[in-house]
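Hi,

Here is the structure I promised to pass on. Have a look at it first, and my notes on what turned up follow below.

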Amino acid sequence: MSVLWYMAVLVVLMVAQAKFYEVVVLKKLSYTRSFAQHGVFEGEKTELVEVLENHKLTPVSWLRVEARISPWLRFKKQENLDINMEQFHRSVFFLSGYSKLTRRHEITCVHRGYFRFNQTALTGGDLLGLSQRTVDIFEQAELYVYPRVSTDGELPAQALKWQGEIAAQRWILPDPMLVNGIREYRGGDSRKDIHWSATARTGKLQVKTRDFTVSPRVMVALNAQIAEDLWAMMDAAQCAVIEQGIRHAAAILNWAVQQGMEAGFLYNGRLCDTEGETVYVHPAASESHLVTLLETLAKLEVIRQLNFHSLLDRYADDNMSGMDIVVISAYWSDALETCADRLRRNGNSVSYIPIQGGMEQ
């Protein structure tokens, strides 16, 4: 009888601890994950940082953390890390009472993109694995992987020629901050330029004269189509051509901003977190704006949202002017030439930079 008694007590204890852990294992437990950097370039490494805290005396015998990941984020093999078909990131933890555990996973970013962890499943259980409980937490961790910037050796000759021409070209505009003198008012002068002190002193309207400054504005227009008459989804090889165009766009935008020019971006595709909208980034010149441009390139989906010549026509209709427009496209056509002529008549320059591997029209 004593053996049966001990076995009965053991079974009761096992069930009791299972029920106890089922109730308390995930209580007073906090979990966060983040990337060590906000953005990195294609091919670079970063870290995924997991922080788990147990805010109670009861230890956590085991805790499994699972989240879906992109196959473009390659994890370095580490202890307690399981990559299942490159789709799920799984970590297993043990925590004593009132403890904190930080784990870092090295990641190689093999492709540009915008990557988010939105939903994470936490599963905990008792010491003997008799019971378990799962909860989903929704805390976003995001990473921008910027496109690799094409080098001078990878850019087409037309791009290098354009850079030389645009560096020499000058859009001469009066700078409102650079006053170099005063003269008598002439018909057509702005009232904002009237120098009231000089007017009172001379008894005649006097206006400020200004120096001139160079203010180039570059608009990079990227074509998401491999050919003008191609409407179906593109295969991997065709998408790779557009990816090359994205790297060329990154190189030109980076160069323009570093030269102190205002740079903007047009794309007849869409961003990964929008629906049914083409992409437009207004020209500006600053390091923070360059980050915005790179984030935009990271989010691009290689899919046509609107025919490219229709996109250019839209901005010609809106009287876009004063831009040095750089068209990066896998092809050039009569329709695009007509759009380019319209934009030139509006006071823009239009240059074409081909993407290697494109299809001639």
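How many aromatic pairs does a search of the whole structure find? There are 7 aromatic pairs, where rings of Phe, Tyr and Trp (its six-membered ring) pair if their centres lie within 6.5 Å, with planes under 30 degrees apart called stacked, over 60 edge-to-face and the rest tilted.

Before the details, some housekeeping. This is a predicted model, so local features need pLDDT of at least 70 and side-chain atom pairs count only at pLDDT 80 or more, while totals for chains, interfaces and linings use all residues. Residues are numbered from 1 along each chain as its sequence is written, and side-chain values use heavy atoms, with hydrogens and water left out.

**Overall picture**

The protein chain has 7 helices and 19 strands; these are DSSP runs numbered from the N terminus, with helices being H or I of at least four residues and strands E of at least two. Of the 361 residues, 43% are buried (under 20% relative accessible area; exposed is over 50% and partly exposed in between, with a 1.4 Å probe and protein chains only). Taking contacts between residues at least 6 apart in sequence, 74% join residues at least 24 apart (a contact means heavy atoms within 4.5 Å). The accessible surface comes to about 18,800 Å², and carbon and sulfur atoms hold 54% of that (Shrake-Rupley method, 1.4 Å probe; for residues, only the protein chains shown count as cover).

**Rings**

Back to the aromatic pairs. Phe41 and Tyr146 are edge-to-face, because their ring centres are 5.2 Å apart and their planes meet at 70°. Phe41 belongs to strand β2 (residues 39-41) and Tyr146 to strand β10 (residues 132-146), so this pair ties together parts 105 residues apart in sequence. Tyr146 is buried at 7% relative accessible area, whereas Phe41 is partly exposed at 27%.

Trp332 and Tyr352 make a tilted pair, 4.9 Å centre to centre with 35° between the planes. Trp332 is in the loop between β18 (324-329) and α7 (334-345), and Tyr352 is in strand β19 (residues 349-354), 20 residues away. Trp332 counts as buried at 18% relative accessibility, and Tyr352 as partly exposed at 24%.

Two rings also have a charge over them (NZ of Lys or CZ of Arg within 6 Å of the ring centre and within 35 degrees of the ring normal). Arg103 lies over the face of Phe93, 4.2 Å from the ring centre, and the charged end of Lys299 sits over the ring of Tyr114 at 4.6 Å from its centre.

**Salt bridges**

The structure holds 15 salt bridges (a side-chain nitrogen of Lys or Arg within 4 Å of a carboxyl oxygen of Asp or Glu). One of them joins Glu47 and Arg104, at 3.2 Å from N to O. Glu47 is in strand β3 (residues 45-54) and Arg104 in strand β8 (residues 99-109), so here too distant parts of the chain are linked, 57 residues apart. Both ends are partly exposed: Glu47 at 29% relative accessibility and Arg104 at 46%.

Glu154 and Arg148 form another, with the closest N and O atoms 3.0 Å apart. Arg344 and Glu337 meet at 3.3 Å, N to O. Arg344 is partly exposed, with a relative accessible area of 33%, and Glu337 is partly exposed at 30%. Salt bridges with shared partners also join Arg64, Glu66 and Arg90 into one network.
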